[in-house]
Amino acid sequence: SNGYEGIPEEKMIEVKLSGPGKNALGSAMIESVLKQIDAANGAPILFTGEGDAFSAGLNLKEVESLNPSGMDDFLNRLESFFRTVWLYPGPTAAAVNGHAIAGGCILAMCCDYAVSTSNPKARIGLNEVAIGLRFPPALLRFVKHSVPPQHLNEVVLGAGLHRPDDAVRFGLIHAVNDDPVSNAKARLEAWSKHA
């Protein structure tokens, strides 16, 4: 034995998305998550959601209250948030424990590994176009990185919400598991051995 006993608990940071509207991404949650990412300082990060959802997307109540310049600021902040997760120097995993919709789906896609619950009721997808939002071009590059070209139009323009097994096929997540949290932790541990 090499004496390796897995990642010490304090070395893996669990970031739990928690907020109204099924953990919707609003300014307050984004700030809170960014602070936790900053404090993690390169340690492995596991993202998961409070309750029965990962994140149902943007906080539409907040978005609807914004004027055009406020909306620009919000979208810039959102892009910077996703970029921070995408470029994070340590391994990241999303345990998608329920719905991962729109921004919630993009957050999972920005992680090195995303595993969803096997619950067929969970819905995963990018429905921005269906709810009348312009799909921000800056966010499209995160999507293009994961979604195979032949599925891109269906995923973005079709704006469907998919069952977990279909979400894997479309490149929205990597895997489906009955226990996504344990599965994601195991993947982070395996990767941390190589760090």
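Predicted model: local features only at pLDDT ≥ 70, side-chain atom pairs only at ≥ 80, totals over all residues.
## Angles and ground rules

Residues are numbered from 1 along each chain as written, and side-chain values use heavy atoms, without hydrogens or water.

## Helix 4 against helix 6

Let's start with helix 4, residues 68–86, and helix 6, residues 137–146 (helices are DSSP runs of H or I, at least four residues, numbered from the N terminus). They pack at about 30°, with axes 9 Å apart (axes are fitted to C-alpha atoms over the stretch in contact, and angles run from 0 to 180 degrees between N-to-C directions). Helix 4 and helix 6 are therefore roughly parallel, and their crossing is left-handed (near helix turned anticlockwise from the far one by less than a right angle).

Who touches whom here? On the helix 4 side you'll find Leu78, Glu79, Phe82, Arg83 and Trp86, and they meet Ala138, Leu139, Arg141, Phe142 and His145 of helix 6 (contact means heavy atoms within 4.5 Å). That contact splits into 6 nonpolar, 1 polar and 3 charged residues (nonpolar: Ala, Val, Leu, Ile, Met, Phe, Trp, Tyr, Cys, Pro; charged: Asp, Glu, Lys, Arg; polar: the others, Gly among them).

## Helix 5 against helix 6

Helix 5, spanning 103–110, also packs on helix 6, this time at about 55° and with 10 Å between the axes. The pair is therefore oblique, and the crossing is again left-handed. Helix 5 brings Ile106, Met109 and Cys110 to the contact, while helix 6 brings Leu139, Phe142, Val143 and Ser146. There isn't a charged residue among them: the count is 6 nonpolar and 1 polar.

Leu139 and Phe142 of helix 6 turn up in the contact with helix 4 and in the one with helix 5.

## Helix 2 against helix 4

On to helix 2, residues 27–40, which packs on helix 4 at about 30° with the axes 11 Å apart. That angle makes helix 2 roughly parallel to helix 4, and this crossing, too, is left-handed.

From helix 2 come Ser27, Ile30, Glu31, Val33, Leu34 and Ile37; they meet Phe74, Arg77, Leu78, Phe81, Thr84 and Val85 in helix 4. By class, that's 8 nonpolar, 2 polar and 2 charged residues. Leu78 of helix 4 takes part here and also in the contact with helix 6.

How values were computed. Helix = DSSP H or I, 4+ residues; strand = E, 2+ residues; numbered from the N terminus. Parallel < 35°, antiparallel > 145°, perpendicular 65-115°, else oblique.
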